[in-house]
Amino acid sequence: ISLGGLIGHWYLHCGGGAPRVSTFVAVGGPLQGSDAARLSVAPPLRFIPSLGQARPDSALQAEIRQAPPPDGVRLISLGTRGDVMTPAAARRAHGYEIVDTPHGLFPLGHWFLYLHPANLQAVYELIQ
């Protein structure tokens, strides 16, 4: 699960980061939580607290949902087909543009976001 997107999502909504950011691209970020993160209750995954924060019902997710959206930040959620970790529903959040690339393959789409050169190019173009 791409927790960097979730960390940035929290930073902008709750951590006061919006004045420092003009464009934020969450790459495969579980902005609404990830059903795959529900496995975080199983040993040995329960010892990874950050994984539990990606659960749709986590306290962190609730805190973000209750916070106002950040002003003045272009919010983008990037994903691809075949992503079983953060499918489209997990990546949708209020105020975010949804950008989907065709450069993914079930069930490895999540990892294609970081490994396929065209997906890396998409991130580069979005932050320009």
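Visitor: Is Asp57 buried, partly exposed or exposed?

Guide: Please keep in mind that this is a predicted model. Burial is read from relative accessible area: under 20% is buried, over 50% is exposed, and the range in between is partly exposed. Asp57 has a relative accessible area of 48%, so this residue is partly exposed.

Visitor: With which residue does Asp57 form a salt bridge?

Guide: In general, side chains of opposite charge can pair when their charged atoms come close. Here the partner of Asp57 is Arg55, and the closest N and O atoms are 3.0 Å apart. Arg55 has 17% relative accessibility and therefore counts as buried.

Visitor: How many salt bridges are there in the count?

Guide: The count is three. Another of them joins Arg74 to Glu97, where the closest N and O atoms are 2.7 Å apart. Because Arg74 belongs to strand S2 and Glu97 to strand S3, this pair ties together parts that are 23 residues apart in sequence. Arg74 is partly exposed, at a relative accessible area of 34%; Glu97 is likewise partly exposed, at 34%.

Visitor: What is the N to O distance in the salt bridge of Asp100 and Arg91?

Guide: The side chains of Asp100 and Arg91 meet at 2.7 Å, N to O. Asp100 is partly exposed, with a relative accessible area of 45%, whereas Arg91 is buried, at 2%.

Visitor: How many bridges join S1 to S2?

Guide: Strand S1, residues 23–27, is joined to S2 by five bridges. Phe24 has Leu75 as its bridge partner in S2, and Val25 stands opposite Ile76 of that strand. On the other pairing, S2 and strand S3 (residues 96–101) are connected over six bridges; there, Ser77 has Ile98 in S3 as its bridge partner.

Visitor: How many of the residues of strand S2 are buried?

Guide: In a regular strand the side chains alternate between the two faces of the sheet. Strand S2, residues 74–80, is mostly covered, with six of its seven residues buried.

Visitor: Why is the pair of Phe24 and Tyr96 classed as edge-to-face?

Guide: Planes over 60 degrees apart count as edge-to-face. The search of the whole structure finds one aromatic pair. The ring centres of Phe24 and Tyr96 lie 6.5 Å apart and the planes stand at 75°, so the pair is edge-to-face. Since Phe24 is in strand S1 and Tyr96 in strand S3, the pair ties together parts that are 72 residues apart in sequence. Phe24 is buried, with a relative accessible area of 13%, and Tyr96 is buried at 9%.

Visitor: Finally, which residues make the nonpolar surface patch?

Guide: The patch consists of Leu108, Trp111, Tyr114 and Leu115, and has an area of about 430 Å². Leu115 lies in helix H5, residues 109–115. With 67% relative accessibility, Leu115 counts as exposed.

Technical notes
Residues numbered from 1 in each chain as written. Predicted model: local features only at pLDDT ≥ 70, side-chain atom pairs only at ≥ 80, totals over all residues. Heavy atoms only, no water. Buried < 20%, exposed > 50% of the residue type's maximum accessible area, 1.4 Å probe, protein only. Helix = DSSP H or I, 4+ residues; strand = E, 2+ residues; numbered from the N terminus. Pairing = 2+ DSSP bridges. Phe/Tyr/Trp six-rings, centres within 6.5 Å; stacked < 30°, edge-to-face > 60°. Patch = residues over 30% accessible without salt bridge, like charges linked within 9 Å, V, L, I, M, F, W, Y side chains within 5 Å. Areas by Shrake-Rupley, 256 points an atom, 1.4 Å probe, with all protein chains shown as cover. Salt bridge = Lys/Arg side-chain N within 4 Å of Asp/Glu carboxyl O.
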